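Subject: Structure handover

Hello,

Here is the structure you asked about. Please open it alongside this message; my notes follow below.

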Amino acid sequence: MALENLISLTFEDHELKKLGQGIQLIREVLTGKTINLTPEQRLQYGRVSNKNKLIIDKSKNYMEQYPDWIPKFLDKAEFDRDYTARNQVEIHAQLLENLAQQLIDTKTLLDHDNYTNALSFYRKVRFLARENEPGAKTVYQDMKVLFDKVNKPLSKPDTDTEE
């Protein structure tokens, strides 16, 4: 029985080069402008909810209308720079998150296809080893260590987002 191939694609060398150049260009633009928080810092600062975004927007609007009401300790120029940059970052972050998710989803299907085919190959090698096919026992012995006693893989295919 033939296996279902969930995805099939190839990248031309010029496409990979263009993709790499685009990523490098993004890195260059962001160098010195973006921050990497630690997991602890992410918990500390959290994320602004949609409701709180409305509070920020409404406050900005009222600050524009009533500049005398702005507390003296609040740097309005810095608030405006942060507000503008935050909106600029959000637009691009959403676009990049969408593209990253597409790449991750594509990788997931490619991993599934490869893993399923690798298991089929292993099963065939195991069969050939039992049939005393020359060389099959060596390959089977080498691959067998990747499986536990009941011939289950030690782990499922890697589907995390790490590079």
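How much accessible surface does the chain have, and what share of it belongs to carbon and sulfur atoms? The total comes to about 14300 Å². Carbon and sulfur atoms account for 57% of that surface. Please keep in mind that this is a predicted model.

Overall picture

The chain has 5 helices and 0 strands. Along the sequence the pattern reads α-α-α-α-α. There are 163 residues, and 10% of them are buried. I also looked at contacts between residues at least 6 apart in sequence. Of these, 49% join residues at least 24 apart.

Helices α3 and α4

Two packed helices are described by the angle between their axes and the distance between the axes. Helix α3 covers residues 50–65. Its axis lies 12 Å from that of α4, and the packing angle is about 135°. The crossing of α3 and α4 is left-handed.

Which residues meet here? From α3 come K53, I56, D57, K60, M63 and E64. From α4 come K76, F79, D80, Y83, R86 and E90. By class, this contact has 8 charged residues, 4 nonpolar ones and no polar ones.

Helices α4 and α5

Helix α4 runs over residues 76–130, and helix α5 over residues 136–144. Their axes come within 8 Å and cross at roughly 130°. So α4 is oblique to α5 as well. The crossing of α4 and α5 is left-handed.

On the α4 side, the contact residues are F121, Y122, V125, R126, L128 and A129. On the α5 side, they are A136, K137, V139, Y140, M143 and K144. The class count for α4 with α5 is 9 nonpolar, 3 charged and no polar residues.

The loop residue N132

N132 sits in the loop between α4 and α5. Its phi is near 60°, a positive value in a residue other than glycine. Most residues other than glycine have a negative phi. Is N132 buried or exposed? N132 counts as exposed, because its relative accessibility is 51% and the cut-off is over 50%.

The α4 residue D111

D111 is found in helix α4. D111 has a relative accessible area of 19%. Buried means under 20%, so D111 counts as buried. How far is D111 from I7 in sequence and in space? The two are 104 residues apart in sequence. In space, D111 and I7 are 9.8 Å apart, C-alpha to C-alpha.

Where to look

For a quick tour, start with the contact of α3 with α4, including K53 and K76. Then go to the contact of α4 with α5, including F121 and Y140. Finish at N132, in the loop between α4 and α5.

Best wishes

Technical notes: Residues are numbered from 1 along each chain as its sequence is written. This is a predicted model: local features need pLDDT of at least 70, side-chain atom pairs count only at pLDDT 80 or more; totals for chains, interfaces and linings use all residues. Side-chain values use heavy atoms; hydrogens and water are left out. Helices (H or I, at least four residues) and strands (E, at least two) are DSSP runs, numbered from the N terminus. Buried means under 20% relative accessible area, exposed over 50%, partly exposed in between (1.4 Å probe, protein chains only). Contact means heavy atoms within 4.5 Å. Accessible areas come from the Shrake-Rupley method with a 1.4 Å probe; for residues, only the protein chains shown count as cover. Axes are lines fitted to C-alpha atoms, for helices over the stretch in contact, and angles run from 0 to 180 degrees between N-to-C directions. Angles under 35 degrees count as roughly parallel, over 145 as roughly antiparallel, 65 to 115 as roughly perpendicular and the rest as oblique. A crossing is left-handed if the near helix is turned anticlockwise from the far one by less than a right angle, and right-handed if clockwise. Ala, Val, Leu, Ile, Met, Phe, Trp, Tyr, Cys and Pro count as nonpolar, Asp, Glu, Lys and Arg as charged, and the others, Gly among them, as polar.
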